[in-house]
There are 2 protein chains.
Amino acid sequence: MSCRDALLTDLYQLTMVKSCLDHGLRDVAVFEFFVRRLPEARNFLLCAGIAQVAGFLQRLQFDDESLSWLQAQGICDDRMRDYLARLHFDGDVWAMPEGTVFFADEPVLRIAAPLPLAQLVETRIINILHFQILIASKAARMVLAAADRQLVDFGLRRTHEGEAGLMAARAGYIAGLSGTSNVLAAREFGIPLFGTMAHAYVQAHASEQEAFIHYARSHPGRVVLLIDTYDTEAAARKVVEVAPRLAAEGIAIDGVRIDSGDLGMHAQRVRSILDAGGLHDVRIIASGNLDEYRLQALRRAPIDGFGVGTRMNTSSDAPCLDCAYKLQEYAGIARRKVSEGKATWPGRKQVYRQYRQEIMIRDKLTLENDVGRGEALLQPLMRHGELIRALPSLDAIRARTRAQLAALPAALRRLDMADEPYPVIIAQALRDLTDKLDGRSDAD
Amino acid sequence: MSCRDALLTDLYQLTMVKSCLDHGLRDVAVFEFFVRRLPEARNFLLCAGIAQVAGFLQRLQFDDESLSWLQAQGICDDRMRDYLARLHFDGDVWAMPEGTVFFADEPVLRIAAPLPLAQLVETRIINILHFQILIASKAARMVLAAADRQLVDFGLRRTHEGEAGLMAARAGYIAGLSGTSNVLAAREFGIPLFGTMAHAYVQAHASEQEAFIHYARSHPGRVVLLIDTYDTEAAARKVVEVAPRLAAEGIAIDGVRIDSGDLGMHAQRVRSILDAGGLHDVRIIASGNLDEYRLQALRRAPIDGFGVGTRMNTSSDAPCLDCAYKLQEYAGIARRKVSEGKATWPGRKQVYRQYRQEIMIRDKLTLENDVGRGEALLQPLMRHGELIRALPSLDAIRARTRAQLAALPAALRRLDMADEPYPVIIAQALRDLTDKLDGRSDAD
């Protein structure tokens, strides 16, 4: 994957490398990744994907075949080929821990490395962080809306290609989902696996009863029967019918799944049918185009768990973030881009978060060397290309997320937009530096 | 990738395999992939991703390591392991040629294979087709809106992870874009590469003039200067200033790029500045959150080409399709799912398209063995797991797209929704089969 990853970039990163080498621009550049503005329906974002950025940086290298191809395309000359052949990431990295809540303008990641290297990694770093933050943030809203009911990721099929499917399972799990249907995600990340049965399996049988019995016999430990292929309530009665037969074989039915129609109404009716048949312990799982608003609307329905998919894994109401990876310092001098609507806060920055009675009350965005009170959110992660702390386990990240979501002010936990955005104070030191740079820039 | 691809699936596909094997359900199953409903802002969809489905099917296999893991998880027993170890795709496939316009309910792909195999491949097939169709369809709207101006994909950074970035470049190129900034997409698919320069490169220099000169000297064959880092018009004047110096070195400036602010207004002013400076041949490239509506609004601006990204590569106004891969026949008998809002047209189907004076006038959805007039859109692609025709080149697919877009009725080429959807006639033979199955299902 690493050599493929090296080419998974924009051409301009390579033209920049060449131009930096040609003109001796090899001083240390400091870049920060941040989100310029939160999407309309988001009160907060959740940090995710840092482990994958670290992995990408650690594995970054160009193989001979790639280099020959680049040279044949006229993208690199001998000097640049030599540089790329020896390239590995030897810079410093700071990052917020995954599972940390953050807001607009706050740097999530900072990289300090020679300019051509720090520039080269831009595309893939944005690509990795953008997606996992997007999905973890959407999933966190769904977790809040679901309250104590179980959520499982069923979204692989409509996630944008396979790699996003894998990373969406991770981002969802970080945010608090219970697991995924994605087998590869289970193997790569150890995320708990869930699955039910397919409509086609029911259709291939002469009767639903037979399909239910066959499925239950093949999977006696986890029998969740899909009951909406033809008529949901009729199928629920068939579940009641077959239950004693299966019980006689020592097989318990764990649940039924409803995947279409008015989920609340069907769940109500199915619950009654199951209860009347003595199947009080059979859980009801619902799925089908669920997002946080529908989960909230279904709060009173007798549904024990949800399969969520497309809307979470594409973050369908806000499928992209206005995020950037920007040069904030070069050769020891702070830098600032002032393009309209895209101006940045310059310099190496830190975010301090203050809590009162375990609820977060304000963040301060300031320069790294400024003093601050509270929790410093950016922490050193890599030094000279080596990890200086172990990456946290997914369990540890989930615990961080739980604590952060619990510490959110009540107004930010709601699905509606808060009347007031969370306070992110721009420190005087940062304002002063910005004014100074703007003065210098005018004199340019 | 193949072994990884085999596990890139939902757990229920594997539980279905086991249950099929346990109960002898190994007859030929026929599945079709189709889109149930077009998203709100789409008058048509464009077929894409068939080559990747064929590649997935040809490479499908489980390696020992994966099988041992599946067995350790309790997902497969000895019989299933034996089955999976020998598994390869030996079924038949029919598909619409990539670049074909299609509509709701029309099968894009049909697979006939033993049930456990045809079921197993569901997740990845949907995952591949959903994304490329989504992006090609969005990109086709942008191509129509751009009229003759050049469009280039700059979207990798905010596409949903790397694999989607690669496939979005392909889907966009199929739809008619001129190229991509994605280096890996150039290498894997031969798509023309485009690139300009980075804001950070400008920022790292003491002055913009110096950055422009350095960049031009490093890339004398393709000088596109980024002019919005500080003040767009001031930078345009600096371009005029440095042009004679570069000309004296034999270097021509090809273009300038504007990436922020009011693109139409800046383009107008920059054009005036360049023209007044004698730089009539310097092209203006614009980028920044462009979609088909903005491209249309910028029709009169003096912009020669556009970099398009996030909104195209996430299909941001409609980031998912209501698509499905459904069992239509098993063991020679047509099947029908009748879940609410998700009922399917049963049986092996074909779509016939009729044209009048080279404009498409109606499609007929009917059974494969029914007679039809016009162009049969589903064509045989694989037989017994082998390709029976060469996959078309990207150039051939682009030509197909151009011809199909040219054949669209005028109302469907517009960005607004057509008053009348394109007519897709459901043939009587198909209605009769559906009625017959519904009768049978009631008696179930």
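How far apart do the C-alpha centres of domain 1 of chain A and domain 2 of chain A lie? They lie 39 Å apart. This is a predicted model, where local features need pLDDT of at least 70 and side-chain atom pairs count only at pLDDT 80 or more, while totals for chains, interfaces and linings use all residues. Residues are numbered from 1 along each chain as its sequence is written, and chains are lettered from A in the order in which they are written.

Back to those domains: domain 1 of chain A covers 2–135 + 321–442 and domain 2 covers 145–313, with bounds from an automatic or database domain assignment. Their contact (C-beta atoms, placed from the backbone, within 7 Å) takes 13 residues from domain 1 and 18 residues from domain 2. On the domain 1 side, α16(A) gives the most, with five residues; helices here are DSSP runs (H or I, at least four residues), numbered from the N terminus.

Now for the two chains. Chain A and chain B each put 80 residues into the contact. On the chain A side, the largest share is eight residues from helix α2 (residues 11–22) of chain A.

Finally, hop over to chain B. Helix α11 (residues 208–218) and helix α12 (residues 232–248) of chain B pack at about 45°, with axes 10 Å apart; axes are lines fitted to C-alpha atoms over the stretch in contact, and angles run from 0 to 180 degrees between N-to-C directions. The pair is therefore oblique, the label left once under 35 degrees (roughly parallel), over 145 (roughly antiparallel) and 65 to 115 (roughly perpendicular) are taken out. Among the residues that meet are B:F212 and B:I213 in α11(B), and B:V239 and B:V242 in α12(B).

Key. Helix = DSSP H or I, 4+ residues; strand = E, 2+ residues; numbered from the N terminus. Contact = placed C-beta atoms within 7 Å.
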